[in-house]
Amino acid sequence: MSDSMRDSLSDPISDFRSLKYRNRFSNVAKLRRFVWEVVWLLAFRPTPRWALHGWRRLLLRAFGARIGAGCRIAPSCRIWAPWNLVMGEYSALGDNVDCYSMDRITIGSKVAVSQRSFLCAGSHDVRSLSRPLVTGPIVIEDHVWIAAESMVHPNVVIHEGTVVGARSMVLKDLPAWSVCVGNPCRKIRDRELRNGHV
């Protein structure tokens with residue numbers, strides 16, 4: 001940054017009190033999140049990984065999540081706001097998946113989100129020094145596999161049947177029935193199913 005630019009911005013940049021982050025969530029929303037965190041800690045997280053899938057689905061549904069039949073959600077999976085989570089049937093959220101559902105996260109049927117992946121539906125506006133919260137939905141369509149330690153950004157659609165390679169950074173929509181990898185994540189080839197394998 002040039003000296004002239006710094007001089008013109010010196011007052012606003014130095015006035016940290018005016019740049020203090022303002023939490024836009026209501027007290028009711030904060031209380032709802034607090035209650036969910038307590039329930040997660042005491043009744044969700046301590047359950048064994050290999051059992052009580054129905055119990056964890058029940059807890060999430062009690063907090064407004066729409067979870068289809070047969071879904072498996074690991075007890076170590078963090079879900080920021082269950083009321084913003086929609087899952088189809090027979091989908092899975094693996095160990096230590098972070099489902100940062102500040103906005104709607106929609107997951108189709110027969111989807112696998114592998115361990116330590118991060119579905120991030122919230123961020124901050126870098127065009128402002130106060131960094132206000134911005135959110136955007138994530139849509140993951142049927143038959144998608146998101147491999148371990150990948151990150152999906154807000155306002156992204158991963159179309160049907162796509163595989164996202166491990167540790168990929170998904171910044172934009174991905175095409176259907178593709179294998180996509182990298183940072184940024186991009187298509188490297190079509191996903192072709194073997195005959196007789198559905």
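The protein chain contains 3 helices and 19 strands; helices (H or I, at least four residues) and strands (E, at least two) are DSSP runs, numbered from the N terminus. The model is predicted, so local features need pLDDT of at least 70 and side-chain atom pairs count only at pLDDT 80 or more, while totals for chains, interfaces and linings use all residues. Residues are numbered from 1 along each chain as its sequence is written, and side-chain values use heavy atoms, with hydrogens and water left out.

## Overall form

Taken along the principal axes, the C-alpha atoms of the protein chain fill a box of roughly 70 × 45 × 20 Å. Of its 198 residues, 38% count as buried. Here buried means under 20% relative accessible area, exposed means over 50%, and partly exposed lies in between (1.4 Å probe, protein chains only). Among the contacts in the protein chain with a separation of 6 or more, 25% are made by residues 24 or more positions apart; a contact means heavy atoms within 4.5 Å.

## Strands and sheets

Strands of a sheet pair through backbone hydrogen bonds, either parallel or antiparallel. In this report, two strands pair if DSSP finds at least two bridges between them. An open sheet of 5 strands has the order β1-β4-β7-β12-β15, and its pairing is parallel. Strands β1 (66-67) and β15 stand at the edges with a single partner strand each, so one side of each has no neighbour in the sheet. Within this sheet, β7 and β12 run parallel and are joined by 3 bridges. Ile-105 has Ile-138 as its bridge partner in β12.

An antiparallel pair is found elsewhere: β18 (residues 178-181) and β19 (residues 186-190) are paired over 4 bridges. The bridge partner of Val-179 in β19 is Arg-189. The two strands, β18 and β19, form a hairpin with 4 residues between them, and Gly-182 in the turn has a positive phi of about 105 degrees.

## The nonpolar core

In soluble globular proteins, nonpolar side chains tend to be buried together. A nonpolar core is defined as a set of buried Ala, Val, Leu, Ile, Met, Phe, Trp, Tyr and Cys residues joined through side-chain atoms within 4.5 Å. The largest such core has 40 residues, and Leu-119 and Ile-158 are those with the most contacts inside it. The elements that give two or more residues to this core are α2 (27-44), α3 (53-62), β4 (85-87), β7 (105-107), β12 (138-140) and β15 (156-158). Helix α2 gives the most, with 3 residues.

Leaving aside neighbours within four places in sequence, the residues in contact with Leu-119 include Ile-105, Ile-107, Ile-138 and Ile-140. Asp-98, Cys-99 and Tyr-100 are also among the contacts of Leu-119.

Helix α3 also holds Trp-55. This residue, Trp-55, counts as partly exposed because its relative accessibility is 36%. Not counting residues up to four places away in sequence, Trp-55 touches Ala-43 and Thr-47. Trp-55 and Ala-43 are 12 residues apart in sequence and 9.0 Å apart in space, C-alpha to C-alpha.

## Salt bridges

A salt bridge is a side-chain nitrogen of Lys or Arg within 4 Å of a carboxyl oxygen of Asp or Glu. By this rule the count comes to 7 salt bridges. The table lists some of them.

| Salt bridge | Closest N to O distance |
|---|---|
| Asp-125 and Arg-127 | 3.0 Å |

Glu-149 lies in the loop between β13 and β14, and Arg-167 in the loop between β16 (163-164) and β17 (169-170), so their bridge ties together parts that are 18 residues apart in sequence. Salt bridges that share partners also join Arg-33, Glu-37 and Arg-78 into one network.

Arg-116 is partly exposed at 45% relative accessibility, and Glu-149 is partly exposed at 27%. Arg-167 is exposed, with a relative accessible area of 62%. In the remaining pair of the table, Asp-125 is buried at 17% relative accessibility, whereas Arg-127 is exposed at 76%.
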